[in-house]
Amino acid sequence: MDTGLLVLRLLVGLLIAGHGVQKTTTHLGGKGLDGGAREFRADGFRGGALTALAAGGGQIGSGLLLAAGLLTPLGATGAIGVMTVALTVKWPNGLWVQDDGYEYPLVLIGAAAALAATGPGAWSLDHALGLTPYPVWWTAPVLAAGVGSGLLTRLVLRRPPAAA
């Protein structure tokens with residue numbers, strides 16, 4: 001079980017962190033902060049480089065926490081939050097990724113929630129620091145805070161449609 005949790009944490013955490021690196025730099029195929037700002041504006045968000053930096057920083061931070069198995073409930077909450085925002089952007093396109101749908105963010109939300117429910121496993125910094133096991137009831141507040149923060153972010157940063 002610990003090996004599976006380690007693989008899951010590394011895969012999900014590093015992918016989320018890498019996605020944040022793309023939003024803020026030219027590494028990993030990113031277009032830098034200017035490109036991240038253009039992407040957010042195209043997706044109907046207010047703001048520019050600060051929005052891209054906040055989103056990218058949230059992805060990098062939560063992804064690295066999950067990958068390391070450090071403060072796992074906090075990392076899962078952040079990952080669920082940023083992926084909820086992505087899900088809201090993709091929602092109109094339907095589920096499947098080949099139609100630019102929300103399949104991928106939904107899988108990452110589910111994986112982060114699973115890590116909140118199971119904990120990071122023995123091969124984690126949480127375990128090494130004596131922070132585990134986390135109680136399973138933490139899953140509900142992690143999901144609520146993650147989804148709630150993502151929806152609130154979308155609501156607050158949504159750019160009103162242009163008048164026709």
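1. Tyr134, Trp137 and Trp138 are joined into a cluster by ring pairs. The model is a predicted one, and the structure contains four aromatic pairs. In the pair of Tyr134 and Trp138, the ring centres lie 5.4 Å apart and the planes stand at 50 degrees, so this pair is tilted. Tyr134 has a relative accessibility of 17% and counts as buried, because the cut-off for buried is under 20%. Trp138, at 32%, counts as partly exposed.

2. Another of the aromatic pairs is formed by Phe40 and Phe45. Their ring centres are 5.3 Å apart, with 80 degrees between the planes, and the pair is edge-to-face. Planes over 60 degrees apart count as edge-to-face. Both Phe40 and Phe45 are buried.

3. How many salt bridges does the structure hold? There are two. In general terms, side chains of opposite charge can pair when their charged atoms come close.

4. Lys23 belongs to helix H1 (residues 2-24) and Glu39 to helix H2 (residues 32-42), so the pair, 16 residues apart, links distant parts of the chain. Is Lys23 buried or exposed? Lys23 counts as buried, at 7% relative accessibility, whereas Glu39 is partly exposed, with a relative accessible area of 37%.

5. The other salt bridge is between Asp100 and Lys90, whose closest N and O atoms are 2.6 Å apart. This pair also links distant parts of the chain, ten residues apart: Lys90 is in helix H4 (72-90), and Asp100 is in the loop between helix H4 and helix H5 (103-118). Asp100 is partly exposed, with a relative accessible area of 40%. Lys90 counts as partly exposed too, at 24% relative accessibility.

6. At what angle do H1 and H2 pack? The angle is about 100 degrees, and the helix axes are 5 Å apart. H1 is therefore roughly perpendicular to H2, a label that covers angles of 65 to 115 degrees. On the H1 side the contact is made by Gln22, Lys23 and Thr24; H2 contributes Gly32, Leu33, Gly36, Glu39 and Phe40. By class, these residues are two nonpolar, four polar and two charged.

Methods:
Residues are numbered from 1 along each chain as its sequence is written. This is a predicted model: local features need pLDDT of at least 70, side-chain atom pairs count only at pLDDT 80 or more; totals for chains, interfaces and linings use all residues. Side-chain values use heavy atoms; hydrogens and water are left out. A salt bridge is a side-chain nitrogen of Lys or Arg within 4 Å of a carboxyl oxygen of Asp or Glu. Helices (H or I, at least four residues) and strands (E, at least two) are DSSP runs, numbered from the N terminus. Buried means under 20% relative accessible area, exposed over 50%, partly exposed in between (1.4 Å probe, protein chains only). Axes are lines fitted to C-alpha atoms, for helices over the stretch in contact, and angles run from 0 to 180 degrees between N-to-C directions. Angles under 35 degrees count as roughly parallel, over 145 as roughly antiparallel, 65 to 115 as roughly perpendicular and the rest as oblique. Contact means heavy atoms within 4.5 Å. Ala, Val, Leu, Ile, Met, Phe, Trp, Tyr, Cys and Pro count as nonpolar, Asp, Glu, Lys and Arg as charged, and the others, Gly among them, as polar. Rings of Phe, Tyr and Trp (its six-membered ring) pair if their centres lie within 6.5 Å; planes under 30 degrees apart count as stacked, over 60 as edge-to-face and the rest as tilted.
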